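My notes follow in the order in which I took them.

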Amino acid sequence: LHRQKFSVGTVIFQEGDEGDCAYLIEEGRVEVCIAVDGEEQRVSLLGQGELIGEVALVDRQPRTATVRAVETAVLVPIRRDLVDELLEKTDPVIRHLLRVVLERFRTTQSGLSCRAGNGGNALLEYPRPLDHLHATATRQLALAEDIAHALTTDQFEMHYQPICVLQDGRVAGFEALIRWNHPREGMISPLDFLWLAEQTGQIRAIGMWTLERACRDWPVLRQATDHSSPFVSVNLSANQLTGDHFVHDVKLILERHHMTAEELKMELTETIIIGRPEIASQVLNNLIALGGTLALDDFGTGYSGLDYLQRYPIATVKIDRAFITPLLQTAPSLEIVNKTIELAHSLGMNVVAEGIENEEIRQKLTQLRCDFGQGWLFGKPLALDDIRKRL
Ligand code: C2E
Ligand code: CA
Ligand code: CA
Ligand code: CA
(Lines give C-alpha, C1' and ligand atoms only; values in the text may rest on other atoms or scores of the structure.)
(Ligands and ions follow the chains in the order given, each with its own letter.)
Protein backbone atom coordinates (compact mmCIF):
# COMPACT_ATOMS: atom_id res chain seq x y z
CA LEU A 1 0.00 0.00 0.00
CA HIS A 2 1.22 3.44 -0.93
CA ARG A 3 -0.17 6.92 -0.72
CA GLN A 4 -3.57 7.32 -2.31
CA LYS A 5 -5.00 10.42 -3.91
CA PHE A 6 -8.72 11.19 -3.70
CA SER A 7 -10.33 13.97 -5.76
CA VAL A 8 -13.01 16.28 -4.38
CA GLY A 9 -16.25 14.44 -3.60
CA THR A 10 -14.77 10.92 -3.63
CA VAL A 11 -15.91 8.61 -0.84
CA ILE A 12 -12.88 7.20 0.98
CA PHE A 13 -14.90 4.72 2.91
CA GLN A 14 -18.53 4.27 3.77
CA GLU A 15 -20.41 3.56 6.97
CA GLY A 16 -20.86 -0.22 7.25
CA ASP A 17 -17.85 -1.07 5.05
CA GLU A 18 -15.35 -3.64 6.24
CA GLY A 19 -12.30 -1.72 7.30
CA ASP A 20 -8.80 -3.07 7.61
CA CYS A 21 -6.83 0.13 7.63
CA ALA A 22 -6.77 3.68 8.91
CA TYR A 23 -5.51 6.69 6.94
CA LEU A 24 -3.20 9.48 7.84
CA ILE A 25 -4.14 12.67 6.02
CA GLU A 26 -1.04 14.00 4.37
CA GLU A 27 -2.70 16.69 2.28
CA GLY A 28 -6.18 18.11 1.78
CA ARG A 29 -9.31 17.84 3.86
CA VAL A 30 -12.03 15.28 4.42
CA GLU A 31 -15.45 15.33 6.01
CA VAL A 32 -16.73 12.66 8.38
CA CYS A 33 -20.46 11.98 8.16
CA ILE A 34 -22.85 9.67 9.96
CA ALA A 35 -26.46 8.86 9.20
CA VAL A 36 -28.89 10.35 11.72
CA ASP A 37 -32.52 9.38 11.23
CA GLY A 38 -31.67 8.25 7.72
CA GLU A 39 -30.06 11.54 6.84
CA GLU A 40 -26.36 12.06 6.49
CA GLN A 41 -24.85 14.64 8.82
CA ARG A 42 -21.34 15.95 8.91
CA VAL A 43 -19.77 15.42 12.32
CA SER A 44 -16.29 16.68 11.60
CA LEU A 45 -13.88 18.11 9.12
CA LEU A 46 -10.34 16.79 9.30
CA GLY A 47 -7.10 17.93 7.74
CA GLN A 48 -3.40 17.40 7.46
CA GLY A 49 -1.79 15.23 10.12
CA GLU A 50 -5.04 13.77 11.34
CA LEU A 51 -6.04 10.12 11.40
CA ILE A 52 -9.26 8.65 10.04
CA GLY A 53 -10.74 5.18 10.34
CA GLU A 54 -8.47 4.38 13.29
CA VAL A 55 -11.14 2.30 15.01
CA ALA A 56 -10.65 -0.40 12.39
CA LEU A 57 -7.08 -0.77 13.56
CA VAL A 58 -8.11 -2.11 16.90
CA ASP A 59 -11.27 -4.10 16.29
CA ARG A 60 -12.79 -5.80 13.33
CA GLN A 61 -16.16 -4.13 13.19
CA PRO A 62 -17.65 -2.23 10.24
CA ARG A 63 -16.87 1.45 9.64
CA THR A 64 -18.98 3.72 11.83
CA ALA A 65 -18.92 6.71 9.51
CA THR A 66 -18.60 7.78 5.90
CA VAL A 67 -15.55 9.82 4.96
CA ARG A 68 -15.39 11.94 1.81
CA ALA A 69 -12.74 14.20 0.34
CA VAL A 70 -13.79 17.87 0.34
CA GLU A 71 -10.47 18.96 -1.16
CA THR A 72 -8.10 16.83 -3.14
CA ALA A 73 -6.68 14.60 -0.43
CA VAL A 74 -3.51 12.52 -0.19
CA LEU A 75 -3.80 9.74 2.36
CA VAL A 76 -1.31 7.26 3.78
CA PRO A 77 -2.98 3.95 4.60
CA ILE A 78 -1.96 2.29 7.88
CA ARG A 79 -2.62 -1.43 7.82
CA ARG A 80 -4.20 -3.30 10.69
CA ASP A 81 -1.78 -6.23 10.61
CA LEU A 82 1.01 -3.80 11.44
CA VAL A 83 -0.86 -2.46 14.43
CA ASP A 84 -1.91 -5.98 15.43
CA GLU A 85 1.69 -6.81 15.87
CA LEU A 86 2.23 -3.79 18.13
CA LEU A 87 -0.93 -4.50 20.10
CA GLU A 88 0.20 -8.05 20.70
CA LYS A 89 3.21 -6.73 22.54
CA THR A 90 1.15 -4.31 24.59
CA ASP A 91 0.21 -4.98 28.17
CA PRO A 92 -3.07 -6.96 28.17
CA VAL A 93 -4.69 -4.51 30.55
CA ILE A 94 -3.93 -1.53 28.30
CA ARG A 95 -5.12 -3.51 25.29
CA HIS A 96 -8.32 -4.23 27.08
CA LEU A 97 -8.84 -0.62 28.18
CA LEU A 98 -8.43 0.45 24.58
CA ARG A 99 -11.13 -1.99 23.52
CA VAL A 100 -13.49 -0.82 26.24
CA VAL A 101 -13.04 2.80 25.23
CA LEU A 102 -13.64 1.94 21.59
CA GLU A 103 -16.66 -0.10 22.40
CA ARG A 104 -18.17 2.80 24.32
CA PHE A 105 -17.38 5.06 21.41
CA ARG A 106 -19.12 2.76 18.95
CA THR A 107 -22.12 2.39 21.21
CA THR A 108 -22.51 6.14 21.46
CA GLN A 109 -22.09 6.60 17.74
CA SER A 110 -24.49 3.87 16.77
CA GLY A 111 -26.94 5.29 19.29
CA LEU A 112 -26.72 8.59 17.44
CA SER A 113 -27.11 7.08 14.03
CA CYS A 114 -29.98 4.77 14.86
CA ARG A 115 -33.04 5.14 12.74
CA ALA A 116 -36.40 5.31 14.46
CA GLY A 117 -37.37 1.76 13.50
CA ASN A 118 -34.36 0.32 15.18
CA GLY A 119 -35.62 1.17 18.66
CA GLY A 120 -32.29 2.82 19.39
CA ASN A 121 -30.87 -0.36 20.80
CA ALA A 122 -27.22 0.22 20.20
CA LEU A 123 -26.18 -2.85 22.10
CA LEU A 124 -28.03 -5.07 19.64
CA GLU A 125 -26.22 -3.53 16.76
CA TYR A 126 -22.82 -3.98 18.35
CA PRO A 127 -22.82 -6.93 20.71
CA ARG A 128 -20.28 -6.50 23.47
CA PRO A 129 -17.31 -8.76 22.91
CA LEU A 130 -17.38 -10.17 26.45
CA ASP A 131 -14.44 -12.40 25.87
CA HIS A 132 -11.90 -14.10 28.04
CA LEU A 133 -9.58 -11.12 27.82
CA HIS A 134 -12.28 -8.84 29.10
CA ALA A 135 -12.85 -10.94 32.20
CA THR A 136 -9.16 -11.38 32.91
CA ALA A 137 -8.28 -7.75 32.42
CA THR A 138 -11.14 -6.58 34.59
CA ARG A 139 -10.06 -8.91 37.35
CA GLN A 140 -6.50 -7.66 37.04
CA LEU A 141 -7.54 -4.05 37.33
CA ALA A 142 -9.51 -4.90 40.45
CA LEU A 143 -6.53 -6.78 41.85
CA ALA A 144 -4.25 -3.81 41.24
CA GLU A 145 -6.71 -1.65 43.18
CA ASP A 146 -6.68 -4.18 45.98
CA ILE A 147 -2.88 -4.15 46.07
CA ALA A 148 -2.86 -0.38 46.44
CA HIS A 149 -5.35 -0.69 49.26
CA ALA A 150 -3.41 -3.51 50.91
CA LEU A 151 -0.31 -1.35 51.17
CA THR A 152 -2.12 1.39 53.05
CA THR A 153 -4.12 -0.90 55.33
CA ASP A 154 -1.40 -3.19 56.54
CA GLN A 155 -2.55 -6.39 54.83
CA PHE A 156 0.91 -7.60 53.90
CA GLU A 157 2.88 -9.81 56.24
CA MET A 158 6.40 -11.09 56.24
CA HIS A 159 7.17 -14.72 56.88
CA TYR A 160 10.67 -16.01 57.44
CA GLN A 161 12.10 -19.34 56.34
CA PRO A 162 15.30 -20.62 57.93
CA ILE A 163 18.40 -21.17 55.80
CA CYS A 164 20.49 -23.79 57.56
CA VAL A 165 24.04 -25.10 57.57
CA LEU A 166 23.56 -28.35 55.71
CA GLN A 167 25.85 -30.47 57.86
CA ASP A 168 24.49 -29.75 61.29
CA GLY A 169 21.22 -27.88 60.73
CA ARG A 170 22.24 -24.68 62.55
CA VAL A 171 20.23 -21.67 61.41
CA ALA A 172 22.50 -19.31 59.45
CA GLY A 173 19.84 -16.87 58.36
CA PHE A 174 16.30 -16.37 57.12
CA GLU A 175 14.70 -15.61 53.78
CA ALA A 176 11.92 -13.03 54.02
CA LEU A 177 8.87 -14.09 51.99
CA ILE A 178 5.89 -11.80 51.61
CA ARG A 179 2.33 -12.91 52.36
CA TRP A 180 -0.90 -11.10 51.57
CA ASN A 181 -3.59 -11.56 54.14
CA HIS A 182 -6.53 -10.47 52.00
CA PRO A 183 -9.67 -9.60 54.00
CA ARG A 184 -11.97 -11.56 51.63
CA GLU A 185 -9.70 -14.04 49.85
CA GLY A 186 -7.52 -15.11 52.78
CA MET A 187 -3.80 -15.72 52.29
CA ILE A 188 -2.69 -14.98 48.74
CA SER A 189 0.58 -16.41 47.44
CA PRO A 190 3.18 -13.91 46.27
CA LEU A 191 3.22 -15.73 42.95
CA ASP A 192 -0.38 -14.64 42.42
CA PHE A 193 0.09 -10.90 42.81
CA LEU A 194 3.75 -9.92 42.50
CA TRP A 195 3.77 -10.33 38.72
CA LEU A 196 0.98 -7.75 38.46
CA ALA A 197 2.60 -5.42 40.98
CA GLU A 198 5.70 -5.70 38.83
CA GLN A 199 3.75 -4.53 35.77
CA THR A 200 1.99 -1.67 37.51
CA GLY A 201 5.14 -0.47 39.28
CA GLN A 202 3.54 -1.07 42.69
CA ILE A 203 6.39 -3.48 43.32
CA ARG A 204 8.59 -0.52 44.20
CA ALA A 205 6.45 0.38 47.18
CA ILE A 206 6.04 -3.27 48.13
CA GLY A 207 9.79 -3.74 47.86
CA MET A 208 10.50 -0.86 50.21
CA TRP A 209 7.96 -2.21 52.66
CA THR A 210 9.63 -5.62 52.46
CA LEU A 211 13.09 -4.24 53.17
CA GLU A 212 11.87 -2.06 55.99
CA ARG A 213 9.96 -4.91 57.59
CA ALA A 214 12.79 -7.44 57.33
CA CYS A 215 15.22 -4.97 58.89
CA ARG A 216 12.77 -4.01 61.62
CA ASP A 217 12.40 -7.73 62.47
CA TRP A 218 16.13 -8.39 62.35
CA PRO A 219 16.78 -8.25 66.14
CA VAL A 220 14.36 -11.15 66.70
CA LEU A 221 15.62 -13.08 63.68
CA ARG A 222 19.22 -12.65 64.74
CA GLN A 223 18.46 -14.19 68.09
CA ALA A 224 17.05 -17.21 66.29
CA THR A 225 20.24 -17.78 64.31
CA ASP A 226 23.33 -19.68 65.36
CA HIS A 227 26.08 -18.68 62.98
CA SER A 228 29.14 -16.46 62.81
CA SER A 229 27.72 -14.32 60.00
CA PRO A 230 23.95 -14.37 60.33
CA PHE A 231 21.76 -12.69 57.72
CA VAL A 232 18.27 -11.96 56.55
CA SER A 233 17.70 -12.35 52.84
CA VAL A 234 15.18 -10.31 50.86
CA ASN A 235 14.03 -10.76 47.28
CA LEU A 236 14.55 -7.85 44.93
CA SER A 237 12.53 -7.32 41.80
CA ALA A 238 13.46 -5.80 38.46
CA ASN A 239 11.45 -2.63 38.85
CA GLN A 240 13.02 -1.78 42.18
CA LEU A 241 16.40 -1.32 40.63
CA THR A 242 15.11 1.24 38.16
CA GLY A 243 14.09 3.67 40.90
CA ASP A 244 16.52 6.56 41.43
CA HIS A 245 16.74 6.24 45.13
CA PHE A 246 17.05 2.54 45.69
CA VAL A 247 20.63 2.39 46.92
CA HIS A 248 20.17 5.49 49.03
CA ASP A 249 16.99 4.07 50.56
CA VAL A 250 18.73 0.82 51.42
CA LYS A 251 21.45 2.80 53.15
CA LEU A 252 18.91 4.75 55.20
CA ILE A 253 17.04 1.62 56.21
CA LEU A 254 20.23 -0.09 57.34
CA GLU A 255 21.18 2.95 59.39
CA ARG A 256 17.75 3.27 60.93
CA HIS A 257 17.86 -0.32 62.15
CA HIS A 258 21.55 -0.36 63.07
CA MET A 259 22.33 -3.15 60.66
CA THR A 260 25.53 -3.83 58.80
CA ALA A 261 25.32 -4.39 55.07
CA GLU A 262 26.53 -7.99 55.56
CA GLU A 263 23.47 -8.76 57.62
CA LEU A 264 21.19 -7.89 54.74
CA LYS A 265 21.45 -10.21 51.79
CA MET A 266 19.70 -9.35 48.55
CA GLU A 267 18.42 -12.10 46.29
CA LEU A 268 18.06 -11.38 42.63
CA THR A 269 17.35 -13.50 39.59
CA GLU A 270 19.10 -13.45 36.27
CA THR A 271 16.00 -12.06 34.62
CA ILE A 272 16.35 -8.94 36.72
CA ILE A 273 19.79 -8.25 35.35
CA ILE A 274 18.83 -9.12 31.80
CA GLY A 275 15.86 -6.73 31.65
CA ARG A 276 17.79 -3.48 32.00
CA PRO A 277 21.48 -4.38 32.04
CA GLU A 278 22.81 -0.79 32.21
CA ILE A 279 20.62 0.16 35.13
CA ALA A 280 21.12 -3.15 36.89
CA SER A 281 24.86 -2.94 36.62
CA GLN A 282 24.97 0.58 38.02
CA VAL A 283 22.64 -0.17 40.91
CA LEU A 284 24.33 -3.46 41.74
CA ASN A 285 27.74 -1.86 41.80
CA ASN A 286 26.40 0.83 44.12
CA LEU A 287 24.90 -1.80 46.38
CA ILE A 288 28.17 -3.63 46.49
CA ALA A 289 30.00 -0.38 47.25
CA LEU A 290 27.66 -0.03 50.20
CA GLY A 291 28.93 -3.42 51.40
CA GLY A 292 25.80 -5.32 50.40
CA THR A 293 25.79 -9.06 49.79
CA LEU A 294 24.15 -10.49 46.71
CA ALA A 295 22.66 -13.91 46.11
CA LEU A 296 21.78 -15.21 42.66
CA ASP A 297 18.31 -16.68 43.09
CA ASP A 298 16.67 -19.56 41.20
CA PHE A 299 19.98 -20.42 39.62
CA GLY A 300 19.66 -22.51 36.48
CA THR A 301 16.05 -21.66 35.67
CA GLY A 302 16.64 -18.55 33.58
CA TYR A 303 19.33 -17.89 31.06
CA SER A 304 22.83 -19.11 31.56
CA GLY A 305 24.03 -17.57 34.78
CA LEU A 306 27.68 -17.88 33.98
CA ASP A 307 28.08 -14.39 32.62
CA TYR A 308 26.77 -12.80 35.82
CA LEU A 309 28.98 -14.94 37.97
CA GLN A 310 31.99 -13.23 36.50
CA ARG A 311 30.49 -9.77 36.14
CA TYR A 312 29.27 -9.17 39.71
CA PRO A 313 30.75 -10.11 43.06
CA ILE A 314 27.98 -12.53 43.93
CA ALA A 315 28.41 -14.13 47.35
CA THR A 316 25.81 -16.86 47.13
CA VAL A 317 24.26 -19.04 44.46
CA LYS A 318 20.82 -20.47 45.23
CA ILE A 319 20.05 -23.62 43.28
CA ASP A 320 16.39 -23.77 42.38
CA ARG A 321 14.08 -26.41 43.77
CA ALA A 322 13.50 -27.65 40.20
CA PHE A 323 16.97 -29.24 40.36
CA ILE A 324 16.85 -30.32 43.99
CA THR A 325 13.54 -32.22 43.99
CA PRO A 326 14.58 -34.75 41.29
CA LEU A 327 18.14 -34.98 42.59
CA LEU A 328 17.95 -38.66 43.55
CA GLN A 329 15.84 -39.71 40.58
CA THR A 330 17.54 -38.27 37.55
CA ALA A 331 21.20 -38.37 36.65
CA PRO A 332 21.22 -35.00 34.83
CA SER A 333 19.93 -33.03 37.81
CA LEU A 334 22.53 -34.68 40.03
CA GLU A 335 25.24 -33.75 37.56
CA ILE A 336 23.98 -30.16 37.21
CA VAL A 337 23.83 -29.65 40.96
CA ASN A 338 27.22 -31.26 41.42
CA LYS A 339 28.87 -29.06 38.79
CA THR A 340 27.11 -25.90 39.98
CA ILE A 341 28.45 -26.43 43.49
CA GLU A 342 31.96 -27.04 42.16
CA LEU A 343 31.81 -23.97 39.96
CA ALA A 344 30.48 -21.73 42.72
CA HIS A 345 33.12 -22.91 45.17
CA SER A 346 35.91 -22.43 42.68
CA LEU A 347 34.72 -18.82 42.31
CA GLY A 348 34.65 -18.33 46.08
CA MET A 349 30.86 -18.36 46.37
CA ASN A 350 28.76 -20.40 48.73
CA VAL A 351 25.72 -22.42 47.73
CA VAL A 352 22.17 -22.69 49.09
CA ALA A 353 20.02 -25.57 47.89
CA GLU A 354 16.32 -24.69 47.84
CA GLY A 355 13.33 -26.91 48.43
CA ILE A 356 14.93 -29.67 50.52
CA GLU A 357 12.01 -31.74 51.72
CA ASN A 358 13.65 -34.89 53.04
CA GLU A 359 16.68 -36.28 54.79
CA GLU A 360 17.93 -38.33 51.81
CA ILE A 361 18.29 -35.22 49.69
CA ARG A 362 19.99 -33.37 52.52
CA GLN A 363 22.51 -36.18 52.84
CA LYS A 364 23.20 -36.27 49.15
CA LEU A 365 23.76 -32.51 49.10
CA THR A 366 26.07 -32.74 52.09
CA GLN A 367 28.07 -35.31 50.14
CA LEU A 368 28.23 -32.88 47.23
CA ARG A 369 29.60 -30.31 49.71
CA CYS A 370 26.71 -27.90 49.36
CA ASP A 371 26.92 -25.29 52.15
CA PHE A 372 23.39 -24.34 53.08
CA GLY A 373 19.90 -25.72 52.72
CA GLN A 374 16.43 -24.28 52.75
CA GLY A 375 13.21 -26.23 52.65
CA TRP A 376 10.45 -27.86 54.56
CA LEU A 377 12.89 -30.35 56.12
CA PHE A 378 14.41 -27.45 58.07
CA GLY A 379 11.27 -25.40 58.39
CA LYS A 380 8.46 -23.71 56.53
CA PRO A 381 8.24 -19.91 56.39
CA LEU A 382 6.93 -18.66 59.75
CA ALA A 383 5.42 -15.43 61.04
CA LEU A 384 7.71 -13.45 63.34
CA ASP A 385 5.55 -14.25 66.35
CA ASP A 386 6.03 -17.97 65.77
CA ILE A 387 9.78 -17.52 65.55
CA ARG A 388 9.74 -15.50 68.76
CA LYS A 389 7.79 -18.25 70.55
CA ARG A 390 10.44 -20.79 69.62
CA LEU A 391 13.29 -18.79 71.09
P1 C2E B 1 11.70 -17.97 45.84
O2 C2E B 1 12.50 -16.73 46.06
O3 C2E B 1 12.33 -19.04 45.03
O4 C2E B 1 11.29 -18.48 47.28
C5 C2E B 1 11.22 -19.83 47.64
C6 C2E B 1 9.82 -20.35 47.54
O7 C2E B 1 9.84 -21.76 47.75
C8 C2E B 1 8.89 -19.80 48.62
O9 C2E B 1 7.60 -19.73 48.06
C10 C2E B 1 8.95 -20.88 49.69
O11 C2E B 1 7.84 -20.87 50.54
C12 C2E B 1 9.00 -22.11 48.82
N13 C2E B 1 9.61 -23.24 49.51
C14 C2E B 1 10.60 -23.20 50.42
N15 C2E B 1 10.95 -24.43 50.80
C16 C2E B 1 10.17 -25.29 50.12
C17 C2E B 1 10.06 -26.73 50.08
O18 C2E B 1 10.76 -27.47 50.77
N19 C2E B 1 9.15 -27.25 49.23
C20 C2E B 1 8.34 -26.48 48.47
N21 C2E B 1 7.47 -27.07 47.67
N22 C2E B 1 8.42 -25.11 48.47
C23 C2E B 1 9.32 -24.54 49.30
P24 C2E B 1 6.69 -18.47 48.25
O25 C2E B 1 6.86 -17.91 49.62
O26 C2E B 1 5.33 -18.84 47.78
O27 C2E B 1 7.31 -17.39 47.27
C28 C2E B 1 7.27 -17.60 45.91
C29 C2E B 1 8.14 -16.62 45.18
O30 C2E B 1 7.62 -15.30 45.30
C31 C2E B 1 9.54 -16.54 45.72
O32 C2E B 1 10.30 -17.59 45.17
C33 C2E B 1 9.98 -15.18 45.23
O34 C2E B 1 10.39 -15.24 43.90
C35 C2E B 1 8.70 -14.39 45.30
N36 C2E B 1 8.66 -13.61 46.54
C37 C2E B 1 8.27 -13.96 47.78
N38 C2E B 1 8.36 -12.92 48.62
C39 C2E B 1 8.84 -11.88 47.92
C40 C2E B 1 9.16 -10.50 48.24
O41 C2E B 1 9.03 -10.03 49.37
N42 C2E B 1 9.63 -9.72 47.22
C43 C2E B 1 9.80 -10.22 45.96
N44 C2E B 1 10.26 -9.39 45.00
N45 C2E B 1 9.52 -11.49 45.62
C46 C2E B 1 9.05 -12.31 46.59
CA1 CA C 1 14.33 -16.03 46.86
CA1 CA D 1 14.66 -19.09 44.99
CA1 CA E 1 12.47 -20.78 43.33
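Which atom of ligand 1 lies 3.3 Å from a polar side-chain atom of asparagine 235? I found an oxygen atom of ligand 1 at that distance from asparagine 235. I count a polar contact as a pair of N or O atoms within 3.5 Å; within protein, one must be able to donate a hydrogen and the other to accept it, and residues adjacent in sequence count only if both atoms are side-chain atoms. The protein covers 83% of the 800 Å² of accessible area that ligand 1 has on its own (Shrake-Rupley method, 1.4 Å probe; for residues, only the protein chains shown count as cover).

I noted the ground rules: this is a predicted model, in which local features need pLDDT of at least 70 and side-chain atom pairs count only at pLDDT 80 or more, while totals for chains, interfaces and linings use all residues. Residues are numbered from 1 along each chain as its sequence is written, chains are lettered from A and ligands numbered from 1 in the order in which they are written, and side-chain values use heavy atoms, with hydrogens and water left out.

**Ligand 1, continued.** I looked at two further side chains. An N or O atom of arginine 179 is 2.8 Å from an oxygen atom of ligand 1, and for glutamate 175 the corresponding distance is 3.2 Å.

**Glutamate 175.** I then checked its charged partner. Glutamate 175 forms a salt bridge with lysine 318 at 2.8 Å, N to O (a side-chain nitrogen of Lys or Arg within 4 Å of a carboxyl oxygen of Asp or Glu). The pair joins strand S10 to strand S15 (residues 316-319), 143 residues apart (strands are DSSP runs of E, at least two residues, and helices runs of H or I, at least four, numbered from the N terminus). Lysine 318 is buried at 1% relative accessibility, and glutamate 175 is buried at 4% (buried is under 20% relative accessible area, exposed over 50%, partly exposed in between; 1.4 Å probe, protein chains only).

**Arginine 63.** I found this residue in the loop between helix H1 (55-58) and strand S7 (66-69). Arginine 63 is buried yet has no salt bridge, and the nearest side chain of opposite charge, aspartate 20, is 5.4 Å away (Lys and Arg count as positive, Asp and Glu as negative; His and the chain ends are not counted). Its side chain reaches the backbone oxygen of cysteine 21 at 2.7 Å.

**Glutamate 31.** I recorded a salt bridge from glutamate 31 to arginine 68 at 2.8 Å, N to O. Glu31, Glu40, Arg42 and Arg68 are linked in a network of salt bridges.
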